[in-house]
Amino acid sequence: MSDQEKIIEQDFTFSIPVAPEGYKSGFIGIIGRPNVGKSTLMNQLVGQKIAITSPVAQTTRNRLRGILTTPEAQMIFVDTPGIHKPHHQLGEVLVQNAQIAIKSVDVVLFVVDGSVEMGGGDRFIAELLENTKTPVILGLNKIDQLAQDSPEIDRSYNEFAEPQKWPVVKFSALTEEGLESLQKLLVEKLEPGPYYYPPDLVTDQPERFIMGELIREQILLLTREEVPHSVAVTIEKVEEEPAITRVFAAIHVERDSQKGILIGKKGSMLKAIGSAAREQMQKLIAGKIYLELFVKVEPKWRQSRSRLAELGYKVEKE
């Protein structure tokens with residue numbers, strides 16, 4: 001089944017206009033090792049926060065689609081988990097999904113940390129991409145962290161890009177420098193096509209999914225390495241009232257000690273997580289939120305394929 005057929009199957013209640021002659025569209029996979037700024041980049045490109053960001057690696061767990069519609073093209077960005085050597089069942093699922101994304105998009109945007117020379121993780125991904133028939137663009141992010149141009153850094157990436165004839169573009173997802181050039185290059189690589197989504201849509205993910213991700217982001221930011229990736233969030237119930245939306249969410253961890261960290265002394269940590277997440281969620285829905293969090297201990301949930309599926313982490317279909 002094609003991506004367009006999948007979208008039609010979702011039975012959207014809104015209509016999608018007919019694209020003008022010569023209009024371009026397509027799916028762009030954002031690929032890279034963990035923590036190179038893929039989610040920050042997608043948020044900047046679509047003009048709204050839909051993907052969570054964190055200094056902790058492996059923030060992204062699902063293939064999240066962000067949609068940018070311009071007068072020339074509709075670009076559907078697929079933000080993928082950072083490709084790395086997996087250490088548990090969850091890691092294997094995430095990496096498999098990233099590899100599947102490479103095969104199922106129209107253009108691959110390979111994002112690297114352009115403030116440092118190419119490393120082993122980048123080379124591993126570059127080798128994965130060497131035989132792909134999908135057009136590849138090499139994006140050097142974080143140029144705002146460079147005091148001056150570095151020929152050594154450029155050379156380390158060009159050694160891979162030039163033989164493959166990959167165009168190279170430098171930018172900063174943080175300051176937006178160079179994003180206009182990146183966007184122009186992406187449009188050039190797309191083929192003529194229809195609107196896949198209504199022009200005013202910025203993501204195909206339901207609000208519940210984004211809400212859960214916003215809570216998980218605050219957990220990563222506030223607990224850092226204390227509760228790294230042993231955490232998942234599920235939205236148990238949403239009650240919409242005229243003046244307020246009530247959200248009830250469960251935080252799943254693997255050990256009692258992690259539950260203690262998340263709750264904190266006299267509930268201080270859970271209160272801080274809830275307060276920060278509620279602020280972000282109110283921006284998402286442009287309305288008032290009541291958020292109630294509770295913590296569940298589920299030993300070794302990351303090692304169980306069935307439990308991973310229940311929590312929303314499945315291997316994507318090609």
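A crossing of two helices is called left-handed if the near helix is turned anticlockwise from the far one by less than a right angle, and right-handed if clockwise. Keep that in mind for the first view, and note that this is a predicted model, in which local features need pLDDT of at least 70, side-chain atom pairs count only at pLDDT 80 or more, and totals for chains, interfaces and linings use all residues. Residues are numbered from 1 along each chain as its sequence is written, and side-chain values use heavy atoms, with hydrogens and water left out.

**View 1. Helix 7 passes helix 9 in a right-handed crossing.** Helices (H or I, at least four residues) and strands (E, at least two) are DSSP runs, numbered from the N terminus. Here the axes of helix 7 (residues 207–223) and helix 9 (residues 268–285) come within 9 Å and cross at roughly 140 degrees. That angle makes helix 7 oblique to helix 9: under 35 degrees counts as roughly parallel, over 145 as roughly antiparallel, 65 to 115 as roughly perpendicular and the rest as oblique. Axes are lines fitted to C-alpha atoms, for helices over the stretch in contact, and angles run from 0 to 180 degrees between N-to-C directions. Look for the residues in contact (heavy atoms within 4.5 Å), among them Ile 210, Leu 214 and Gln 218 of helix 7 and Ala 272, Ala 276 and Gln 280 of helix 9. The residues of this contact divide into 14 nonpolar, 3 polar and 1 charged. Ala, Val, Leu, Ile, Met, Phe, Trp, Tyr, Cys and Pro count as nonpolar, Asp, Glu, Lys and Arg as charged, and the others, Gly among them, as polar.

**View 2. Helix 8 (residues 256–263) packs with helix 9 at an angle of about 65 degrees.** Their axes are 4 Å apart. Ile 261, Leu 262 and Ile 263 of helix 8 meet Ser 268, Met 269, Leu 270 and Ile 273 of helix 9. In this contact, 6 residues are nonpolar, 1 is polar and none is charged.

**View 3. Three strands form an open, mixed sheet in the order 7-8-9.** Two strands pair if DSSP finds at least two bridges between them. Strands 7 and 9 stand at the edges, each with a single partner strand, so one side of each has no neighbour in the sheet. From one strand to the next, the twist averages 20 degrees. Helix 7 packs on the sheet, touching strands 7, 8 and 9, and its direction makes about 130 degrees with that of strand 7. Helix 9 lies across strands 8 and 9, running at about 135 degrees to strand 9.

**View 4. Strand 8 (residues 245–253) has 8 of its 9 residues buried.** Buried means under 20% relative accessible area, exposed over 50%, and partly exposed in between (1.4 Å probe, protein chains only). Strand 7 (residues 232–240) runs antiparallel to strand 8, joined by 8 bridges, and the two form a hairpin with 4 residues between them. Ile 235 has Ala 249 as its bridge partner. Strand 9 (residues 289–297) runs parallel to strand 8, with 9 bridges; Thr 245 stands opposite Ile 289, and Arg 246 opposite Tyr 290.

**View 5. Arg 255 sits in the loop between strand 8 and helix 8.** At 45% relative accessibility, Arg 255 counts as partly exposed. Lys 300 is 45 residues away from Arg 255 in sequence, yet their C-alpha atoms are 8.5 Å apart in space.
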